[in-house]
Amino acid sequence: MGSATARKAGSSEALGRAQGELASTEKTKAEDESLVQAQTEECRAKSAEWAARQKSAAGEMAAIAKATEILEGGVKVFAQTKAVTRRSKNAGDDDAQDADQERRDQLAGYLQTMSHKYNSFSLSQLAMSANADPFGKVKGMIESMIEKLLEDANKEATQKAFCDTETSKTRKSMEDKTM
């Protein structure tokens, strides 16, 4: 009877320890599962944001490409003068830009001549403005906007990679603890 009582007490003690470990393990497992669920939801939200940003960025990039195409086409400055300008119908892009610059130079020369003839400071300023690139500032702004969009895209890609790494670590930890 004494030996049976001692075995019963030993078994009860072992049972108590096992139940304590089980409760601790179940608590840790529940915490890990809630962490995985929270990270999964966060990753889904970030993934949805990423998709929305990519869609928005695609529209912005299309608009930027169109603006760049327009700006690369050059700016045409026209003025009525007694001289008639000739256009070559089969000129390439460089020839068109050279022709635009030549017209701009002719216009500037004409305006400079008129400013000296009439002693007009305003015509002199107009001649200087006609000779300058009128869309230089706009081109710079578009280029900086493109750089900013590319930096944002790289940042978002880095955040997504971090999220994926953390999710895989959490799943591996959960599998190890489940084992």
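**Figure 1. Close-up of Glu41, a partly exposed residue, and its salt-bridge partner Arg44.** Glu41 has a relative accessible area of 43% and is therefore classed as partly exposed (buried, under 20%; exposed, over 50%; partly exposed in between; 1.4 Å probe, protein chains only). The view is taken from a predicted model, in which local features need pLDDT of at least 70, side-chain atom pairs count only at pLDDT 80 or more, and totals for chains, interfaces and linings use all residues. Residues are numbered from 1 along each chain as its sequence is written, and side-chain values use heavy atoms, with hydrogens and water left out. Glu41 forms a salt bridge with Arg44, and the closest N and O atoms of the two are 3.1 Å apart (criterion: a side-chain nitrogen of Lys or Arg within 4 Å of a carboxyl oxygen of Asp or Glu). Arg44 is exposed, at a relative accessible area of 53%. The two residues are 3 residues apart in helix α1, so about one helical turn separates Glu41 from Arg44 (helices are DSSP runs of H or I, at least four residues, and strands are runs of E, at least two, numbered from the N terminus).

**Figure 2. Close-up of the salt bridge between Glu156 and Arg53.** The side chains of Glu156 and Arg53 meet at 2.8 Å, N to O. Glu156 belongs to helix α4 and Arg53 to helix α1, so this pair ties together parts of the chain that are 103 residues apart in sequence. The relative accessible area of Glu156 is 14%, so this residue is classed as buried. Arg53, by contrast, is partly exposed at 39%. A network of salt bridges links Glu49, Arg53 and Glu156. A search of the whole structure finds 8 salt bridges.

**Figure 3. Close-up of Lys177 and Asp32, joined by a salt bridge.** The closest N and O atoms of Lys177 and Asp32 are 3.6 Å apart. This pair links distant parts of the chain, with Lys177 in helix α4 and Asp32 in helix α1, 145 residues apart. Asp32 is buried, with a relative accessible area of 14%, whereas Lys177 is partly exposed at 47% relative accessibility.

**Figure 4. Close-up of the disulfide between Cys43 and Cys163.** The S to S distance in this pair is 1.8 Å (criterion: a pair of cysteine sulfur atoms within 2.5 Å). A search of the whole structure returns 1 disulfide.

Figure 5. Ser168 lies in helix α4 and counts as partly exposed, at 43% relative accessibility. Glu26 is located in helix α1. Its relative accessibility is 49%, so Glu26 counts as partly exposed.

**Figure 6. Close-up of a negative surface patch formed by Asp95, Asp98, Glu102 and Asp105.** Patch residues have over 30% relative accessible area and no salt bridge, with like charges joined within 9 Å and nonpolar side chains (Val, Leu, Ile, Met, Phe, Trp, Tyr) within 5 Å. Accessible areas come from the Shrake-Rupley method with a 1.4 Å probe. Asp and Glu count as negative, their charges being placed at CG and CD respectively. One of the patch residues, Glu102, lies in helix α2 (residues 93-118). Glu102 has a relative accessible area of 49% and is therefore partly exposed.

**Figure 7. Overview of the fold, for orientation among the close-ups.** The protein has 4 helices and 0 strands. Along the sequence, these elements follow the pattern α-α-α-α. Of its 179 residues, 14% count as buried.
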